Each structure stands twice: as C-alpha cells, then as structure tokens.
Amino acid sequence: MEAWIGPILLVLLVVTGVLAFAPGGRRDHEWVEFSASPAHRPAATVNAFTKLRANGVRCRLRNHRRTFLALGSPGYAQALLVHQDDLPEARRLVPDARIDAGGGG
C-alpha cells in the first residue's frame with residue numbers, strides 16, 4: 001500500500017516545479033514593459049530603473065531577445081518592467097521613458 005506514495009509525490013513535485021517556472025507562473029501578467037533599450041546602450045533604461053527603485057517603485061530589469069522594427073533585425077534588449085499597480089508613479093517619475101529602437105552610438 002505504501003509503494004504508490006513515492007510515485008505520487010514525485011509527480012506532485014514535478015507538476016509544482018513546472019507550474020512555478022511556466023510563463024505566468026510567477027504572475028508575469030502583473031508586470032508591464034515600461035522602457036527598453038538595446039543591450040549595447042542600456043544607460044537610459046538602467047538609469048530609469050535606479051530612479052524608480054530609489055523611490056519605492058516595484059521594478060526589475062530583464063534581458064531578452066526582441067526585434068526592433070527600426071532596425072529590422074532581432075537583437076538583445078535591456079527591458080525595464082514595472083509592476084502594473086506602480087505605473088502611474090513610474091510615469092510621473094520618468095515621463096520620458098520609451099522603447100528605444102537603437103541606432104548608432
């Protein structure tokens with residue numbers, strides 16, 4: 001009777017792990033991309049992140065691959081995500097935040 005407990009616990013452990021790392025498993029829907037810049041020029045995004053953090057706004061940086069339409073090719077970007085509940089404050093503190101298409105520099 002106890003032989004079936006091990007496999008059931010293993011299945012529960014695997015399912016829990018999958019759910020924890022699945023898209024949306026960590027409530028990714030609560031985060032909004034507020035600003036992004038090419039990885040080779042991340043200063044504006046990092047400066048905005050620093051200012052928001054210093055003012056208590058929930059935010060995080062994320063590196064990801066994206067296509068910049070102005071460049072027409074995929075590249076790596078530094079994105080600044082802000083918690084949806086903190087967007088008004090973030091916009092007040094960093095009104096010029098934008099998705100930077102890159103370019104020279």
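Gln-78 is buried in this predicted model, with a relative accessible area of 12%; buried stands for under 20% relative accessible area, exposed for over 50% and partly exposed for anything in between, using a 1.4 Å probe and protein chains only. The residue sits in strand β3, which covers residues 73-83. (Helices, H or I with at least four residues, and strands, E with at least two, are DSSP runs numbered from the N terminus.) The side chain of Gln-78 makes a polar contact with the side chain of Asn-63 at 3.5 Å. That term covers a pair of N or O atoms within 3.5 Å; within protein, one must be able to donate a hydrogen and the other to accept it, and residues adjacent in sequence count only if both atoms are side-chain atoms. Setting aside neighbours within four places in sequence, Gln-78 is in contact (heavy atoms within 4.5 Å) with a list of residues including Ser-37, Thr-45, Leu-61 and Asn-63.

As for the ground rules, residues are numbered from 1 along each chain as its sequence is written, and side-chain values use heavy atoms, with hydrogens and water left out. Since the model is predicted, local features need pLDDT of at least 70 and side-chain atom pairs count only at pLDDT 80 or more, while totals for chains, interfaces and linings use all residues.

Back to Ser-37, one of the partners of Gln-78. Ser-37 belongs to strand β1, residues 31-38, and is buried too, at a relative accessible area of 1%. Its side chain reaches the backbone oxygen of Arg-41 at 3.4 Å.

Thr-45, Ala-48, Phe-49 and Leu-52 are the buried residues of α2. They cover an arc of only 105 degrees around the axis, so they end up on the same side of α2; the arc is that of the directions from the helix axis to the C-beta atoms. On the face turned away from that buried side, α2 carries the exposed residues Asn-47 and Ala-54. Just past the helix, Gly-56 takes a positive phi of about 80 degrees.

Zooming out, the protein chain has three helices and three strands, running α-β-α-β-β-α from the N terminus on. Of its 105 residues, 27% are buried. Among contacts in the chain with a separation of 6 or more, 68% come from residues 24 or more positions apart.
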